[in-house]
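Opened the notebook for a quick pass through this one. I'll jot things down in the order I looked them up.

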Amino acid sequence: MSAPTLRARRRPLLYVLSALVALTLAFIFGQSVLPPSLSGEESGRVAGFLSSLLPPSGFTDFLVGNVRKIAHFSEFALLGTEVFFLLRFALSLRGACIHAGALLFGFFVGFLDETIQIFSDRGPAIADVWLDAAGFACFYVLLLAFSFAERKKKSVKENKNVKEKPNSGKETRN
């Protein structure tokens, strides 16, 4: 398949993944500009929903008590997943520098997210920056490892098939 055809086939994927990244960023930053009272109400609604959905247990208490922290991690895990798929499949970008840049992007989005909270009278926390970066990195690196393992498996299979091919009828004599 020629390069222009391949690019044309990936263009819809590029648009969809770019839109998902933009929507996720808008959601993340939108949550950061909420006043403390509204943000607290949203967290309270989610905690109440979880309490009504799950049976009483230590795990439920943990989820309800850490709903904000789990939200930070989850939002950035989603962002890391979207960025991975955007770079890997829509743009076909690979390499250590690309992946390091993506991880830095995740960190700086978390940093910007907490910086925005300064202006909405909420208390920014460096721990939340690290939690955001961890959510992004965990899922990004996990997908990267799966992708690497899949490529390695495919490479081994291709090498095995090449070695099993006959000499095309010509035999060599010593």
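Predicted model: local features only at pLDDT ≥ 70, side-chain atom pairs only at ≥ 80, totals over all residues.

**Cysteines.** I started with Cys 138, which is partly exposed, with a relative accessible area of 40%. Cys 97 comes out exposed at 70%. I then looked for disulfides and got a count of zero.

**Overall layout.** How many helices and strands does the protein chain have? I get six helices and zero strands. Along the sequence I read the pattern as α-α-α-α-α-α. The protein chain has 174 residues, and buried residues make up 28% of them. For the accessible surface I noted about 11700 Å², with 68% of that belonging to carbon and sulfur atoms. I also checked contacts between residues at least 6 apart in sequence: 75% of these join residues at least 24 apart.

**Thr 60.** I found this residue in helix 3, which covers residues 58-65. Is Thr 60 buried or exposed? Its relative accessible area is 5%, and the cut-off for buried is under 20%, so Thr 60 is buried. A polar atom of the Thr 60 side chain lies 2.7 Å from the backbone oxygen of Pro 55. Leaving out residues up to four places away in sequence, I see Thr 60 touching Leu 50, Ser 51, Leu 54 and Pro 55.

**Salt bridge.** The search for salt bridges gave a count of one. Which residue does Lys 69 pair with? The partner is Asp 128, and the closest N and O atoms are 2.6 Å apart. I traced both ends: Lys 69 sits in helix 4 (residues 67-90) and Asp 128 in helix 6 (residues 126-164), so the pair links distant parts of the chain, 59 residues apart. Lys 69 is partly exposed, with a relative accessible area of 37%, whereas Asp 128 is buried at 7%.

**Positive phi.** I went looking for non-glycine residues with positive phi and wrote down two. Ser 92 has a phi of about 55 degrees and is found in the loop between helix 4 and helix 5 (96-119). Its relative accessible area is 34%, which puts Ser 92 in the partly exposed class. Asp 121 has a phi of about 60 degrees and lies in the loop between helix 5 and helix 6. I have Asp 121 down as exposed, at 66% relative accessibility.

**Aromatic rings.** A search of the whole structure gave me eight aromatic pairs. One of them is Phe 84 with Phe 89, edge-to-face, at 6.4 Å centre to centre and 80 degrees between the planes. Phe 84 is buried, at 2% relative accessibility, while Phe 89 is partly exposed, at 34%. Phe 89 also pairs with Phe 85: the centres are 5.5 Å apart and the planes are at 25 degrees, so I logged this pair as stacked. Where do Phe 85 and Phe 89 stand relative to each other in helix 4? They are four residues apart, which means a separation of about one helical turn. Phe 85 counts as partly exposed, at 29% relative accessibility.

Technical notes:
Residues numbered from 1 in each chain as written. Heavy atoms only, no water. Disulfide = S-S within 2.5 Å. Buried < 20%, exposed > 50% of the residue type's maximum accessible area, 1.4 Å probe, protein only. Contact = heavy atoms within 4.5 Å. Areas by Shrake-Rupley, 256 points an atom, 1.4 Å probe, with all protein chains shown as cover. Polar contact = N/O pair within 3.5 Å; in protein donor to acceptor, adjacent residues only side chain to side chain. Salt bridge = Lys/Arg side-chain N within 4 Å of Asp/Glu carboxyl O. Phe/Tyr/Trp six-rings, centres within 6.5 Å; stacked < 30°, edge-to-face > 60°.
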